[in-house]
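This briefing looks at a few aromatic contacts, a helix and a strand with its partners. Please keep the sequence and the structure at hand while reading the points below.

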Amino acid sequence: MSRIKFVNMWISRWFRQDAAVKTRAPCFLLSGREYGEHSSVSEPDSTARRTRRPRAADIAERLRREKEEQTAEVPVSPVQRRVSELKQFTQQLQSVHPNVFAKALYRSILYQDQHLIAINKPYGVPVYNTGGIRNSIAESLPVLAKIISNMQGGSQLHICHSLGKDSTGVLLLAKTEEAFERVQSQIKLHQMERKYMVVTVGVPVPSEGVIDIPIIEKEVTGTQHHFKMGLSPLYRLTEEGDGLTRVRAHRQAHSAVTQYRVLDSSSGCSLVELQPVTEVKHQLRVHMALALACPILGDHKYAHWNKLAPQKLPEGVLRRLGLEQSKTRYLPLHLHVRQIILPGVKGHSDLIVSCPLPKYFTTTLKRLQIPLPEKT
């Protein structure tokens, strides 16, 4: 038998068998997309049948139901809710687009004239750009200048003074170089008056006074090697312990003077008004923590000297704040520029710019049962 005849015979026999199968088994019509996933002829009881792939909407719905079930099974405690609020607060402004952040700064303007702008600096945003930070005040100034309607094209905004990343409150920006230099001169001559509000852990004694102790950067050795600003006193106790003797000033120390006044206290904490006469790095934090032994609430850097660790709080304070000791690392620094006063020039009256306390600050005062300060 020739090869061609053999092939034709085989094909005919195959078609007859296929027709017999079709008379016995139901046929399923599939779309072109499903054709690659299923055979064109199948039996209902076949173990080789493949199931339809789940859709994205089905997966999302299933995950939503599982999340709701988990939430229902494990109720969120007040402490967990409080920690979640603090974590979200510290991250919210670093997750937005720089243009959106610049618009937020525009909405936070406290005062504006032809020379100066005062904004309410938000928490967790550095004045100058640092590594790993998306948004900063300096980086947003070009966009902010375009948003401000009365600024000329190509004009630049100038930052007049420094403010810590975790500090909040009044921050002055100059619209012109002349205004910037005038404010800088007033700062150097100690003519610009700044009033801070802080919450301290502990009650300062005496309740009002002046701290005049120079500050110097020191190296902290040990398992956690780091640098901190520390005190460099000009006096020390005599050997007899009944008096003070002056010591030689360290050449690298910076003169630092802070006026303080306790406004109110409760639950082992205090609301204190601070007025720095000088401007030294971390001056207020160092004077409160190391000179008065009353660190600022949320100051994890100066809560301990020999190590880097979250601030340790008394049980009574933790109870009032609704926190556990293991979660205190989420507490923000309670250091707020409440008011800035600039002396008037050319016969004009003094410029006074005030800023309301941030929400987290007022929430802390209410939890500690400390009366809110009067509006200035």
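In this predicted model, ring pairs join Tyr123, Tyr360 and Phe361 into a cluster.

**Aromatic cluster**
- The count of aromatic pairs comes to two.
- One of them is formed by Tyr123 and Tyr360, an edge-to-face pair with 5.7 Å from centre to centre and 65 degrees between the planes.
- This pair links distant parts of the chain, since Tyr123 lies in the loop between strand E2 (116-121) and helix H6 (137-147), whereas Tyr360 belongs to helix H10, 237 residues apart.
- Tyr360 also forms an aromatic pair with Phe361, and this pair is tilted, with 6.5 Å from centre to centre and 55 degrees between the planes.
- Tyr123 and Tyr360 are both buried, and Phe361 is buried as well.

**Helix H10**
- In helix H10, which spans residues 359-367, the buried residues are Tyr360, Phe361, Thr362, Thr364 and Leu365.
- After H10 comes Gln369, which has a positive phi, near 60 degrees.

**Strand E5 and its partners**
- Strand E5 (residues 193-201) is mostly covered, with seven of its nine residues buried.
- E5 pairs with strand E13 (residues 335-342) in the antiparallel sense over six bridges, and Val198 stands opposite Leu335 in E13.
- E5 is also joined to strand E12 (residues 269-276) by six bridges, again running antiparallel, and here Thr200 stands opposite Ser270 in E12.
- In a regular strand, side chains alternate between the two faces of the sheet.

Technical notes
Residues are numbered from 1 along each chain as its sequence is written. This is a predicted model: local features need pLDDT of at least 70, side-chain atom pairs count only at pLDDT 80 or more; totals for chains, interfaces and linings use all residues. Side-chain values use heavy atoms; hydrogens and water are left out. Buried means under 20% relative accessible area, exposed over 50%, partly exposed in between (1.4 Å probe, protein chains only). Helices (H or I, at least four residues) and strands (E, at least two) are DSSP runs, numbered from the N terminus. Two strands pair if DSSP finds at least two bridges between them. Rings of Phe, Tyr and Trp (its six-membered ring) pair if their centres lie within 6.5 Å; planes under 30 degrees apart count as stacked, over 60 as edge-to-face and the rest as tilted.
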